[in-house]
Amino acid sequence: MGATMLIVYGLAASCANIAGGVLVSSPRIGRTALKYLIGLGAGFMLATVFLAVVPEAVALWEKPHLHPMAWLLAGYLMLQLFEHTIAPHFHFGEETHEDAMIAHHAALTGVGALMIHAFFDGVSITIGFLVNTHLGLLLFFAILLHKLPEGFTVASMVLAAGRTRNDARMASLLLGVATLAGSCSALAFGQVSIWSRPLSAYALPLSAGVTLYVAASDLIPEVNKREGGLRASLMVFAGVALFYLAELFF
Ligand SMILES: [Zn+2]
Ligand SMILES: [Zn+2]
C-alpha cells in the first residue's frame with residue numbers, strides 16, 4: 001500500500017475526531033447513540049487486540065516471547081501514566097463535572113492526555129498497515145469507531161471548563177492533528193531498524209497495549225455507567241461480532 005493511502009486512513013480517523021467535536025455544540029445529538037458507539041468500538045477493539053494484533057506481534061518475535069508482551073504492558077501503563085497520573089481529572093465520555101474541571105484547571109491536561117492517546121491511535125493504524133493490509137484495515141475500523149465519541153469527549157471537556165464552542169471545536173481539531181501526526185510518524189519511522197529488528201516489532205505490541213487500555217480502561221467504564229443500561233453493554237458483544245464479520249470481508 002502506498003504512503004498516500006496510509007495517510008488517507010489516518011486522515012479519515014482525524015476527520016471523525018473533528019466531526020465529534022462539532023457534534024458537541026448540537027443540542028439534538030443523541031447521547032445514547034454515542035454511548036452505543038463507544039460500546040461497539042470497545043468490543044471491536046478488544047477482539048482486534050486479542051485475536052489479530054497480539055498473535056501478529058508475537059509472530060514478529062520468534063524468541064523470547066516475553067518481549068512483545070513487555071512492550072504491550074508498557075503501552076498499557078503509558079496511558080495509565082498520561083491519562084490518570086499526570087492528568088488529574090480524566091475520563092472518556094461527556095464531561096459534565098464542571099466544578100472538578102474549573103477547580104483543578106484540568107481541561108488543559110485532559111486535552112494533552114487525549115492528544116497523546118490520539119497520536120497512538122494514528123501510530124496503530126499505520127503500523128497495522130505496515131505489517132499487512134488485513135491487520136491495518138482491522139485496526140483502522142477498530143479505532144475509527146471510537147474517534148467520533150473521542151472528539152465529543154475533548155470538546156465537552158473544554159466547554160465544561162467554561163471556554164467557547166470555538167475553543168471546543170479547536171480542541172477536536174487538535175486531536176485530529178495529533179492522530180495524523182501519529183500516522184505520519186509511524187510511516188516515517190516504520191522502516192527504521194533497532195537492534196536488528198524493524199521498529200514495528202516494538203511499536204506494534206506497544207500500540208496494542210495502548211489500544212487495550214483505550215478499550216478496557218477508557219471505553220468500557222463509560223459503557224458501564226448507569227444511563228446506558230443493558231443495551232450499551234450488549235453493544236460490546238455486538239462489537240466482537242462485527243469484528244468476525246470484518247474478518248470475513250477483509
Ligand atoms: Zn468529569
Ligand atoms: Zn482514541
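Trainee: Which hand does the crossing of α2 and α8 have, left-handed or right-handed?

Mentor: The model here is predicted: local features need pLDDT of at least 70, side-chain atom pairs count only at pLDDT 80 or more, and totals for chains, interfaces and linings use all residues. Residues are numbered from 1 along each chain as its sequence is written, while chains are lettered from A and ligands numbered from 1 in the order in which they are written. A crossing is left-handed if the near helix is turned anticlockwise from the far one by less than a right angle, and right-handed if clockwise. By that rule, the crossing of α2 and α8 is left-handed.

Trainee: How are α2 and α8 directed relative to each other, roughly parallel or roughly antiparallel?

Mentor: The axes (lines fitted to C-alpha atoms over the stretch in contact, with angles from 0 to 180 degrees between N-to-C directions) of α2, residues 31–60, and α8, residues 200–223, come within 9 Å and cross at roughly 155 degrees. Angles under 35 degrees count as roughly parallel, over 145 as roughly antiparallel, 65 to 115 as roughly perpendicular and the rest as oblique. The two helices, α2 and α8, are therefore roughly antiparallel.

Trainee: Which hand does the crossing have where α1 passes α5?

Mentor: The axes of α1 (residues 3–23) and α5 (residues 106–131) come within 9 Å and cross at roughly 150 degrees. That angle makes α1 roughly antiparallel to α5. As for the hand, the crossing of α1 with α5 is right-handed.

Trainee: What radius of gyration does the chain have?

Mentor: The radius of gyration is taken over C-alpha atoms, and the globule rule is 2.2 Å times the number of residues to the power 0.38. For 250 residues, a compact globule would be near 18 Å, and the chain agrees with this at 17 Å.

Trainee: Does R226 count as buried or exposed?

Mentor: R226 is found in the loop between α8 and α9 (229–249). A residue is buried if 20 or more other C-beta atoms, placed from the backbone, lie within 10 Å of its own, exposed if 12 or fewer, and partly exposed in between. Because R226 has 6 C-beta neighbours inside 10 Å, it counts as exposed.

Key: Helix = DSSP H or I, 4+ residues; strand = E, 2+ residues; numbered from the N terminus.
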